[in-house]
Amino acid sequence: MGEPRLVLYNTLTRMKEDFRPIDPDNVRMYVCGPTVYDFAHIGNARPAIVFDVLFRLLRHLYGEAHVTYVRNITDVDDKINARAARDHPGMNLNEAIALVTGKTTDQYHADTRALGCLEPTIEPRATDNIAQMRDMIQALVNKGHAYEAGGEVLFDVTSMPGYGALSNRKLDEQQAGARVAVEEHKKNPGDFVLWKQSSGDEPGWPSPWGVGRPGWHLECSAMSARYLGQEFDIHGGGLDLIFPHHENEIAQSCCAHGTQKMANVWMHNGFLQVEGQKMSKSLGNFITIHELLATDKFGGRAWPGEVLRLAMLMTHYRDPIDFSRRKLEEAERLLAKFARKAAGAKAAGPVDAECVEILCDDLNVSGALARINALDGDTLASTLDLLGFSHYRMKKAAGVDESMIAERIEARLALIGEKNWAEADAIRDELAALGVQLKDGKDPVSGERVTDWEMR
Ligand code: AMP
Ligand code: ZN
């Protein structure tokens, strides 16, 4: 049997297509990473998790050493400057920026780790790639795609015949629909910034167009070309990035390099919504990953990272998710069931082939989970590992009789109900001797005392 056929939905063609890597020895994927001015919210967790599953699947299909996943850190952006000035008034702006980006990047790493995401192969920072961005602008200026005006270098969208293909927008429609007043210095309302002059203590780098800083879209074009080449396999991000961000990345990259395409497959995850609205910082309806995992701000309790991961993956990546406490509870129950069934198993067995086949249909994770429900033992553990679930096994470790523990916990709760503290404590000590540590808590809904356990 050969490898299963991987089929992916391509936003560019609006179809599911067979995936054929340019070079099977080096499958290359770029995903737009965070702008590090504030902690990531759980909507931002969605692309991190979805593309982590794809990364794991590609590694499974092509071999770990044959997949390169690049996810950048945007550490130069006007939102960062504003946040640094707000949070550290009176401090030198560049020092304040370093504090904000350092702290936010560290938190992002902690968050994605807690969600079971592998580190990308390369995580470039925009500020380490300024020279590449300047070169790209120079190429665009030389080829007549960019012009200097009003202290900026702008991309001329009418200079590219295919502009708008990804988002399926025609230029004349875009202009007729543009509600924002045309800025005087722009030739066309859709022209976007490649370089912008900096003043005062704003971060800036020398360039032929004055000391300045790059535009956001340019960062991804320069970093993807540097680390993955002018043409690569997969480019991903959330739905909101299709226009203008990804459209503009394509325009810059194709025009600077003289290529027909930037990436073969463009993939976009749907939104995580709260009460029908996209979770976003601007709407103020967001909860950070950190708050969900480490505080009781959502549903009155903290949630394990793998519960959030599973809750996210129960919905197909292109569909919207209505986020709720019920969804987390459902995921938690499913994870507990897997943990029971995989108790004592090792993730050393073969991954279930049927499950891989289901995943190969445009990341049909919910289909794969239905199949996983029918698995047990080492195959269950290995297949869950492929989807990035492994922490659950550490908690409920091998070699203990789970039903016995559950029974003793029930008995102890009954004794506590009778205020028979001495015997209740005796059971706790008895279990402790087996290495089982009890954790008392309260069910946030019923208020009832509940007891969880873990191996020490
Ligand atoms: P941003 O920091 O806004 O650039 O977002 C980082 C990533 O998260 C991008 O890929 C966005 O498309 C994605 N994203 C932002 N909000 C949501 C949301 N509510 N649901 C799913 N993805 C989102
Ligand atoms: Zn990008």
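Student: How many helices and strands are there in the protein chain?
Tutor: The protein chain holds 16 helices and 15 strands. Helices (H or I, at least four residues) and strands (E, at least two) are DSSP runs, numbered from the N terminus. This is a predicted model, in which local features need pLDDT of at least 70 and side-chain atom pairs count only at pLDDT 80 or more, while totals for chains, interfaces and linings use all residues. Residues are numbered from 1 along each chain as its sequence is written, chains are lettered from A and ligands numbered from 1 in the order in which they are written, and side-chain values use heavy atoms, with hydrogens and water left out.

Student: Into which domains is the chain divided?
Tutor: The division gives domain 1 (19-269), domain 2 (272-398) and domain 3 (402-455). These bounds come from an automatic or database domain assignment. Taken over C-alpha atoms, the centres of domain 1 and domain 3 are 52 Å apart. The C-alpha trace of the whole chain spans about 80 × 65 × 35 Å along its principal axes.

Student: Which residues are closest to ligand 1?
Tutor: The closest are Gly43, Gly238, Asp240, Leu272 and Met279, out of 14 residues that surround ligand 1. A residue counts as near if one of its heavy atoms lies within 4 Å of the molecule or strand in question. Domain 1 and domain 2 each supply at least three residues to this shell.

Student: What is the make-up of that shell by class?
Tutor: The shell has 5 nonpolar, 7 polar and 2 charged residues. Here Ala, Val, Leu, Ile, Met, Phe, Trp, Tyr, Cys and Pro count as nonpolar, Asp, Glu, Lys and Arg as charged, and the others, Gly among them, as polar.

Student: How much of ligand 1 does the protein bury?
Tutor: The protein buries 87% of the 490 Å² that ligand 1 exposes when taken alone. Such areas come from the Shrake-Rupley method with a 1.4 Å probe; for residues, only the protein chains shown count as cover. Two or more residues of the shell come from each of helix 1 (42-62) and strand 9 (232-238), and helix 1 gives the most, with 3 residues.

Student: Changing topic, why is strand 4 described as largely enclosed?
Tutor: Strand 4 (residues 67-71) is largely enclosed by the rest of the structure because 5 of its 5 residues are buried. Buried means under 20% relative accessible area, exposed over 50%, and partly exposed in between (1.4 Å probe, protein chains only). Val67, Tyr69 and Arg71 cover one side, and Thr68 and Val70 the other.

Student: Which strand is joined to strand 4?
Tutor: Strand 3 (residues 27-31) runs parallel to strand 4, with 5 bridges between them. Two strands pair if DSSP finds at least two bridges between them. Val27 stands opposite Val67.
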